[in-house]
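Here are a few friendly notes to read alongside the model. They follow the strand pairing and then the packing.

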Amino acid sequence: MYRLFHELAHRYDLHTPPDHYRHDHAFVLGQAAALGSPCRLLDVGCGTGVLVEKALQAGVLATGIDVSPAMIHVAQARVGTGAAAVRRMQDIDDEAAYDLVVSLSWTLNYCSGRAELVDVLRRLRRALRPGGRVLLQVAHAAHVDGRLMEDREPGPTGEPDDVLFLYRFMRVEGEDWPMRAEYVYACKSLNELTHEQHLLRMADAHAVAACVREVGLRDVQVYDSWRRDPLQGSPSPFVSAIQEAASR
Ligand SMILES: C[S@@+](CC[C@H](N)C(=O)[O-])C[C@H]1O[C@@H](n2cnc3c(N)ncnc32)[C@H](O)[C@@H]1O
């Protein structure tokens with residue numbers, strides 16, 4: 001259990017403010033607009049519900065799920081109890097219920113390895129209606145360099161630079177493309193400080209794309225970013241694919 005997603009879930013929007021991933025969110029909303037009216041969207045690993053809120057505001061029928069009750073508590077305060085639920089991605093069992101299934105900010109990399117990722121992808125495929133799309137933002141370890149990076153954000157009452165978020169990502173040896181993410185969260189006015197390491201798996205967009213093909217999704221594309229350019233240097237690319245009506 002990672003503290004950033006559990007005990008400190010109520011601080012998530014402090015170190016990662018809602019506008020932080022605005023370009024990624026705009027990309028998702030563009031895909032949603034292209035897929036149906038209204039589009040039914042599932043956000044897997046929705047965290048504090050920022051994307052779900054933006055999607056609902058755009059007229060999308062959005063639902064978020066997350067394994068963390070603390071994250072869902074924050075998300076439900078934002079979007080209401082009907083639009084966010086505690087659920088593991090490993091337990092998704094909907095059938096043809098969504099036009100678009102997305103998973104942003106490396107949620108899929110919390111799978112235990114390739115076999116579990118393939119099982120989750122099968123579930124995502126089943127959850128899509130024919131012609132629906134998956135959009136998966138995954139870690140790509142080949143593009144991380146172990147450099148320490150920092151964000152400084154306003155505190156809970158708006159004091160500038162009150163929150164410090166340090167992070168660095170490193171490739172590690174082992175099976176299933178492991179990668180280590182290290183995070184330091186500190187808030188001066190709240191006198192809070194925490195440091196933790198997350199072990200990510202399948203941190204390779206090409207390997208994830210191969211799994212996406214293996215479960216029968218088609219037109220698999222790997223994009224460097226929300227700009228939809230070819231993979232070149234991003235540590236956080238997108239894998240996109242379409243559910244065709246063929247075999248299950
Ligand atoms: C880095 S956060 C990203 C949150 C949000 N998607 C965003 O972009 O801000 C990863 C999220 O994945 C969730 N998560 C981790 N393992 C999960 C699982 N097995 N099923 C569903 N959600 C999971 C965590 O609780 C956390 O909220």
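1. Strand 4 (residues 98–103) and strand 5 run parallel and are joined by five bridges; two strands pair if DSSP finds at least two bridges between them. Within this pairing, tyrosine 98 sits opposite leucine 128 of strand 5. Helices (H or I, at least four residues) and strands (E, at least two) are DSSP runs, numbered from the N terminus.

2. A word on the basis: this is a predicted model, with pLDDT of at least 70 needed for local features and 80 or more for side-chain atom pairs, while totals for chains, interfaces and linings use all residues. Residues are numbered from 1 along each chain as its sequence is written, and side-chain values use heavy atoms, leaving out hydrogens and water.

3. Strand 5 (residues 128–137) also pairs with strand 11 (residues 238–242), in the antiparallel sense and over five bridges. Here glutamine 137 stands opposite phenylalanine 238. Strand 5 is mostly covered, with seven of its 10 residues buried (under 20% relative accessible area, 1.4 Å probe, protein chains only).

4. Valine 239 deserves a look: its contacts (heavy atoms within 4.5 Å), not counting residues up to four places away in sequence, include Val134, Leu136, Val208, Val212 and Val220.

Terms used
Buried means under 20% relative accessible area, exposed over 50%, partly exposed in between (1.4 Å probe, protein chains only).
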